[in-house]
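Please keep the sequence and the model in view while reading.

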Amino acid sequence: MLTPINSTLFTFERNNKMEQQTEKKKIVFSAIQPSGTITLGNYLGAVKNWVNMQDEFNCIYALADLHTITVRQEPAKFRKNIIDAYASILACGIDPEKSLFFIQSHVNTHAQLAWVLNCYTQFGELSRMTQFKDKSAKHADNVNAGLFTYPTLMAADILLYQADMVPVGADQKQHLEISRNIADRFNGLYGNVFKVPEPYIPTKGARVMSLQDPTKKMSKSDENVNACVTLMDSPDVIMKKFKRAVTDSEACVKYAEGKDGINNLMGIYSCITGKTFEQIEAEFEGKGYGDFKTAVGEAVIEELRPVREKYEQYIADKTYMQECYTKSAEIAQKYSQRTLSKAMKKIGFVMP
Ligand code: AQP
């Protein structure tokens, strides 16, 4: 049984009270979709940085389940993915005593503000989103309106919390840009309602590519199980996936254009060990790809071992997890309602 949390002691709320008198910590918002098992890409590109930001900033993190239904989900699997993702992210080190970590659909201001923002977003600007083009090509049988308006829900997620900074991977930059444009437009009409968020590019982190097609990013929803390493993979499975990783025929561990497979493995190894590419090249000089793949596999296994162990503890204590996401959502609801009410008042709605 894990220690129950006490919402009145939630540092997030306490900090906000305290910081009314002292210098305010910056607010960071980020979210992840429970669209499958969290991958090594999500971990190295996002969650590991989220963990490191918790002391310096007021961090608000969410499982973006409303975004996930833009692609059809099988109900039982979706439910399991949400709980598994929640447990996995706690296991990575997100501390609900320090940060808010809630499930997006539990805080109804997100969908409400998204509707409002839809009416301040142009069809043309949504049509230019590359993720919409990619996902509609991938799911041609279900090009729904939610897929199209995904960026306005993401803008609502961020703007509700007056976030100063949003840690984003390269793939999400365009969505952050549209959130900034929507905020600017709204503020231009009604005065200062939303903080215009800045992208936060963490100094550490990697864009992790598919192990089977290293020109594509590693994705949770990839149908090829060998393409991605997940946080739940056993050490044996992780090693097998790295041994099968697509490389080239040169047999020389060197970062170079056209060596996408090796570049990807070097990026992963560097991110975990902190070694530079020059140091990695020196370490594997004269050695074959087999040795290098084994070293990368071992580094990943050791990095993920404690995460997997903690995941087992959290997943076995559903009551604790429920307490965490319920209390986080209560605070998020209260906090975000202020922004929603302010925006609605400015527009002219009659408030209850
Ligand atoms: N391969 C990756 N390398 C580095 N960072 C990555 N992220 C995702 N894939 C990689 C970062 O993880 C955060 C959460 O992503 P998301 O779940 O909101 O959406 P996504 O980017 O669409 O992730 P997936 O895994 O590719 O999901 P599916 O398969 O459902 O589309 C983001 O910060 C993202 O940059």
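In what follows, a residue is buried under 20% relative accessible area, exposed over 50%, and partly exposed in between, with a 1.4 Å probe and protein chains only. By that scale Ala316 is exposed, because its relative accessible area is 67%. The model is predicted: local features need pLDDT of at least 70, side-chain atom pairs count only at pLDDT 80 or more, and totals for chains, interfaces and linings use all residues. Residues are numbered from 1 along each chain as its sequence is written, and side-chain values use heavy atoms, with hydrogens and water left out.

Helices (H or I, at least four residues) and strands (E, at least two) are DSSP runs, numbered from the N terminus. Ala316 is located in the loop between α13 and α14 (318-347). Its C-alpha atom is separated by 22 Å from that of Asp65, and the two residues are 251 apart along the chain.

Helix α13 (residues 289-315) packs against α10, with the axes 9 Å apart and at an angle of about 150 degrees. Axes here are lines fitted to C-alpha atoms, for helices over the stretch in contact, and angles run from 0 to 180 degrees between N-to-C directions. Angles under 35 degrees count as roughly parallel, over 145 as roughly antiparallel, 65 to 115 as roughly perpendicular and the rest as oblique. α10 is therefore roughly antiparallel to α13. Contact means heavy atoms within 4.5 Å. On the α10 side the contact involves Pro235, Ile238, Met239, Phe242 and Lys243, and among their partners in α13 are Val296, Val300, Ile301, Leu304 and Arg308. By class, this contact has 8 nonpolar, 2 polar and 5 charged residues. Ala, Val, Leu, Ile, Met, Phe, Trp, Tyr, Cys and Pro count as nonpolar, Asp, Glu, Lys and Arg as charged, and the others, Gly among them, as polar.

Helix α13 also packs with α2 (residues 40-53), at an angle of about 60 degrees and with the axes 12 Å apart. That angle makes α2 oblique to α13. This crossing is left-handed. Leu40, Tyr43 and Lys48 in α2 meet Val300, Glu303 and Leu304 in α13. The contact of α2 with α13 has 4 nonpolar, no polar and 2 charged residues.

Which residues does Asp233 contact, leaving aside its neighbours within four places in sequence? They are Cys228, Ile238, Lys241 and Arg308. Asp233 lies in the loop between β5 (198-200) and α10 (235-243), and counts as buried because its relative accessibility is 12%. Its side chain and that of Lys241 are joined by a polar contact of 2.7 Å. A polar contact is a pair of N or O atoms within 3.5 Å; within protein, one must be able to donate a hydrogen and the other to accept it, and residues adjacent in sequence count only if both atoms are side-chain atoms. A polar atom of the Asp233 side chain also lies 2.9 Å from the backbone nitrogen of Thr230.

Most residues other than glycine have a negative phi. Gln162, in the loop between α8 (145-159) and β4 (165-167), has a positive phi of about 50 degrees. Its relative accessibility is 21%, so Gln162 counts as partly exposed. Ala251, in the loop between α10 and α11 (260-273), has a positive phi of about 55 degrees. Ala251 is partly exposed, at 46%.

Key:
Left-handed = near helix turned anticlockwise from the far one by under 90°.
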